[in-house]
Amino acid sequence: MSEASWDRSRCSVAGTLGVVGEKWSLLVLREAFFGVRRFADFQRLLRIPKAVLSDRLATLVEQGILARVPYQAEGERQRHEYRLTTKGRDLYPTLVALMQWGDTYLADGPAPLELRHQDCGAPVHLELRCEAGHAVEGPRAVRPVRATPVG
């Protein structure tokens, strides 16, 4: 595809980075994938300033990646927790890809964390496949083509 044949202002990578392409946002998402839901727990685990965490959570809620859900512990005031939405859960492969890349190229020694399949216990690895089921070995096995307009 020639450089001039597609509109880079509508690039999905740039759009995604505009929403989640900041370190703290990705780390908040990592913790959410590990089951963290409450503000104090995000703050404690990430050691993130309250103002930064508030801003990142607000952005992720505004973008529909997290949902802010009220809860109330017995005898306490109502608070909110943050739950992944479908849109948020769909970012999981992105975080797994970043984790795998970091484990391969940045880890000194064995990876600090391994993901395992809940049902069988086998290690989980991200793999690209085409819709016909073939493994895609890398960028040279793919060619970009202009998307067909809908409608």
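View 1. Leaving aside neighbours within four places in sequence, Glu 31 is in contact with Val 36, Phe 42, Leu 45 and Leu 46; contact means heavy atoms within 4.5 Å. Glu 31 sits in helix H2. Its relative accessible area is 9%, so Glu 31 is buried. Buried means under 20% relative accessible area, exposed over 50%, and partly exposed in between (1.4 Å probe, protein chains only). Helices (H or I, at least four residues) and strands (E, at least two) are DSSP runs, numbered from the N terminus. The model is predicted: local features need pLDDT of at least 70, side-chain atom pairs count only at pLDDT 80 or more, and totals for chains, interfaces and linings use all residues. Residues are numbered from 1 along each chain as its sequence is written, and side-chain values use heavy atoms, with hydrogens and water left out.

**View 2. Helix H2 from start to end.** H2 spans residues 23-33. At its start, a side-chain oxygen of Glu 22 comes to within 2.9 Å of the backbone nitrogen of Trp 24. The buried residues of H2 are Trp 24, Ser 25, Val 28, Leu 29, Glu 31, Ala 32 and Phe 33. An α-helix has 3.6 residues a turn, so residues three or four places apart point the same way. Gly 35 follows H2, and its phi is positive, near 105 degrees.

**View 3. The salt bridge between Glu 22 and Arg 56.** The closest N and O atoms of Glu 22 and Arg 56 are 2.7 Å apart. A salt bridge is a side-chain nitrogen of Lys or Arg within 4 Å of a carboxyl oxygen of Asp or Glu. Glu 22 lies in the loop between helix H1 (12-20) and H2, and Arg 56 in helix H4 (residues 50-62), so the pair ties together parts 34 residues apart in sequence. Glu 22 is partly exposed, at 26% relative accessibility. Arg 56 is buried, at 17%. Arg 56 also forms a salt bridge with Asp 55, with the closest N and O atoms 2.4 Å apart. Asp 55 is partly exposed, at 39% relative accessibility. By this rule the count of salt bridges is 10.

**View 4. The salt bridge between Glu 81 and Arg 37.** The closest N and O atoms of this pair are 3.4 Å apart. Glu 81 is in strand E2 (residues 79-84) and Arg 37 in the loop between H2 and helix H3 (39-46), so the bridge ties together parts 44 residues apart in sequence. Glu 81 is buried, with a relative accessible area of 5%. Arg 37 is partly exposed, with 39%. A network of salt bridges links Arg 37, Arg 38, Glu 81 and Arg 83.

**View 5. The largest nonpolar core.** This core has 19 residues. A nonpolar core is a set of buried Ala, Val, Leu, Ile, Met, Phe, Trp, Tyr and Cys residues joined through side-chain atoms within 4.5 Å. Val 28, Leu 29, Phe 42, Leu 57, Leu 60 and Leu 66 have the most contacts inside the core. H2, H3, H4 and E2 each give two or more residues to it. The largest share, five residues, comes from H2. Not counting residues up to four places away in sequence, Leu 60 touches Val 20, Ser 25, Val 28, Leu 29, Ile 65 and Leu 66.

**View 6. Cysteines Cys 11 and Cys 130****.** Cys 11 is partly exposed, with a relative accessible area of 21%. Cys 130 is partly exposed too, at 31% relative accessibility. The whole structure has zero disulfides, a disulfide being a pair of cysteine sulfur atoms within 2.5 Å.

Terms used:
Polar contact = N/O pair within 3.5 Å; in protein donor to acceptor, adjacent residues only side chain to side chain.
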